[in-house]
Amino acid sequence: MKNIPASMKCSQRPSAKGSDTLLEQQVQHMLVAVEHELRSAPAGIDELSLIKKLQGPPWNLIGALAFHDIQALYPVHFLLFHVLYRLRDTLAEAGENLYISPLRIGIEHQDIIGGKGLPGTVDSLRSFYLDLSQYELPEESVQQMMDDFWEGRGDSKPSSPEILQAARVLGFDSVPDNFQTAKQAFRRAVMQAHPDRGGETEAIQSLNEAFAVLKAHFSQILEHI
C-alpha cells in the first residue's frame, strides 16, 4: 500500500462498494474543477500549479502536501492524471485535445478526429492511469477526501437546512435524488459562471461550496447503506 499525506488519514472505514462510490464522487468533482482551471489557462499549466489551484479556493479539493515527498505526492498525482485522461476522452468527442505532461497541461483545438486512439495518446500511460487499481489509496483516505470541505468544523456534517440551501444554489427546488444529478447541475453552473461568460470567482466559490455540501450529504447516505 502506498504512503499517503497525513492530512488524508482518518479512522473511518466505509464498505468497499461505498469506498469506490466515494472515490468516484471525488473524481467527478475534480473533473469539473480541472476543466474550469484549464479553460482559464489557455496557454496551459504545469502539474504542480494545477494541484495548488485545486488545493486553494474556490475548490479546496486537496489537503496539505509535502511536495518534496514523492511517495506522499503519488496518490494525488495518480488521481489527477486519472481525471485528466478521462477528461481528454470527453473533450475528444467535442473536437478538442487535452495535452498531458507534468510540465504542461492544456486544452487544444484539434482539426482532425480519426483512428482508434486519441491524438497524442500514449496507450500504455492512458491504460495505467485509467486503472484505479494502480491508485491503491486506503479506504479511510477516500472518506477523508470527502470530508476535506468540512476541515475545521470538527465532526459536524451538513444539516437539513444547509443541504436544501445548497440544492437551491445549484438551481433545484428540492434536494436531488442522486449525486450524478447534482454533479450535472454543478458542471453547467460552473461553466456558465466562467469569467469568459461574465462570471466571477465569488460565484464559482459559492457553487463549489454548495456542491461540497451535497457531496457530503450523499456520502452520509452511503455510510448508512
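**Salt bridges in a predicted helical chain**

Guide: Let's start with the surface: the protein chain's accessible area is about 11,400 Å² (Shrake-Rupley, 1.4 Å probe; for residues, only the protein chains shown count as cover), and carbon and sulfur atoms hold 51% of it. This is a predicted model, where local features need pLDDT of at least 70, side-chain atom pairs count only at pLDDT 80 or more, and totals for chains, interfaces and linings use all residues. Residues are numbered from 1 along each chain as its sequence is written, and side-chain values use heavy atoms, leaving out hydrogens and water.

Visitor: How many helices and strands does the protein chain have?

Guide: Helices (H or I, at least four residues) and strands (E, at least two) are DSSP runs, numbered from the N terminus. Here there are eight helices and two strands, in the order α-α-α-β-β-α-α-α-α-α.

Visitor: How many salt bridges does the structure hold?

Guide: A salt bridge puts a side-chain nitrogen of Lys or Arg within 4 Å of a carboxyl oxygen of Asp or Glu. This structure holds six. One of them pairs Glu35 with Arg187 at 2.9 Å, N to O. Glu35 sits in helix H1 and Arg187 in helix H7 (residues 179-192), so the pair ties together parts 152 residues apart in sequence.

Visitor: Is Glu35 buried or exposed?

Guide: Buried means under 20% relative accessible area, exposed over 50%, partly exposed in between (1.4 Å probe, protein chains only). Glu35 is buried at 4%, while Arg187 is partly exposed at 31%.

Visitor: Which residues are linked with Glu35 in a network of salt bridges?

Guide: Arg39, Glu96 and Arg187 join Glu35 in that network.
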